[in-house]
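Here's a quick briefing to read with the structure open beside you. Take a look around the model, then work through the points below.

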Amino acid sequence: MAPPSSSSAPAPMNGDLTAQLLDRVSTLEQQVRDMRGQLDELNNQVQQQNATLGKRLDDMNFAMQNGGRSGGGAAPAVPAAAGPA
């Protein structure tokens, strides 16, 4: 019995299909690299914001413990920044 015609039809296009798949894989790999870069940048931003927030909280706690009479110039800025919260 002869093989079905559907199995013989993809054979001539096999090279073209392989090239298309390789191109798609390449594109997807580039997209993954780009997204990984964006993710790293966003993680860095979040870490910096967390560090800044932690420092402001520490400064505010220090100012509260000392009755707001700290000699540094940062104490007046911290309550102003914390006022809306």
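Predicted model: local features only at pLDDT ≥ 70, side-chain atom pairs only at ≥ 80, totals over all residues.

A residue counts as buried when its relative accessible area is under 20%, exposed when it is over 50%, and partly exposed in between (1.4 Å probe, protein chains only). Residues are numbered from 1 along each chain as its sequence is written, and side-chain values use heavy atoms, with hydrogens and water left out.

**Overall build**

- The protein chain has three helices and zero strands, where helices (H or I, at least four residues) and strands (E, at least two) are DSSP runs numbered from the N terminus.
- Reading from the N terminus, the order of elements is α-α-α.
- The accessible surface of the chain is about 7300 Å², and 59% of it belongs to carbon and sulfur atoms; areas like this come from the Shrake-Rupley method with a 1.4 Å probe, and for residues only the protein chains shown count as cover.

**The annotated stretch**

- An unreviewed UniProt entry annotates residues 25-52 as "coiled-coil region"; UniProt positions follow the numbering used here, feature names are shortened, and annotations may be inferred rather than shown by experiment.
- In the model, residues 25-52 are 100% helix and 0% strand, with the end C-alpha atoms 40 Å apart.

**Salt bridges**

- How many salt bridges does the structure hold? There are two, a salt bridge being a side-chain nitrogen of Lys or Arg within 4 Å of a carboxyl oxygen of Asp or Glu.
- One pairs D40 with R36, whose closest N and O atoms are 3.4 Å apart.
- D40 and R36 are about one helical turn apart, because they sit four residues apart in helix α2 (residues 10-65).
- D40 is partly exposed at 39% relative accessible area, and R36 is partly exposed at 49%.
- The other joins K55 to D59, with the closest N and O atoms 3.0 Å apart.
- K55 and D59 are also four residues apart in helix α2, about one turn of the helix, and D59 is partly exposed at 25%.

**Confidence**

- The chain averages a pLDDT of 79, and 64% of the residues score at least 70; pLDDT is the predictor's confidence in each residue, from 0 to 100.
- Among the elements, α2 has the highest mean pLDDT (93) and helix α3 (residues 74-82) the lowest (47).
- Over residues 77-85 the pLDDT is below 50, and this stretch has five contacts beyond near neighbours in sequence, a contact meaning heavy atoms within 4.5 Å.
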